[in-house]
Amino acid sequence: LGYQTILKKMYNMIEKKSYHKRMIGKKVQASLGPDQNIAGVVNKVVDEETLLIQDVDTQELFKVSIFDVRSY
């Protein structure tokens, strides 16, 4: 990969992470498996595709893919 391509990919990752940070503190529904959904609050952005969700009932923390999260 060329230097410009690497810089562009790095910028896109930083941009996605910044966008996801706006979700911190928002209530969401997260799918942990086929029959396991939780209502939780976004606690932290781990990386450009992963969020740390805190379960509203148990206060337990889960790493969840951004693709398995829906607004609540």
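## Surface patch

Patches are made of residues with over 30% relative accessible area and no salt bridge, where like charges are joined within 9 Å and nonpolar side chains (Val, Leu, Ile, Met, Phe, Trp, Tyr) within 5 Å; a salt bridge is a side-chain nitrogen of Lys or Arg within 4 Å of a carboxyl oxygen of Asp or Glu. Accessible areas come from the Shrake-Rupley method with a 1.4 Å probe, and for residues only the protein chains shown count as cover.

This is a predicted model, in which local features need pLDDT of at least 70 and side-chain atom pairs count only at pLDDT 80 or more, while totals for chains, interfaces and linings use all residues. Residues are numbered from 1 along each chain as its sequence is written, and side-chain values use heavy atoms, leaving out hydrogens and water.

Together, Tyr3, Ile6, Leu7, Met10 and Met13 expose about 490 Å² of accessible area as a nonpolar patch on the surface. Tyr3 belongs to helix H1 (residues 3–21), helices being DSSP runs of H or I with at least four residues, and strands runs of E with at least two, numbered from the N terminus. Tyr3 counts as exposed because its relative accessibility is 61%, the class being over 50%, with buried under 20% and partly exposed in between.

## Strand pairing

Two strands pair if DSSP finds at least two bridges between them. Strands S1 (residues 27–33) and S2 (residues 36–47) are antiparallel over six bridges, forming a hairpin with two residues between them, and Gly33 stands opposite Gln36 in S2. S2 also pairs with S3 (residues 50–55) in the antiparallel sense over six bridges, where Val42 stands opposite Ile53.

Note on methods:
Buried < 20%, exposed > 50% of the residue type's maximum accessible area, 1.4 Å probe, protein only.
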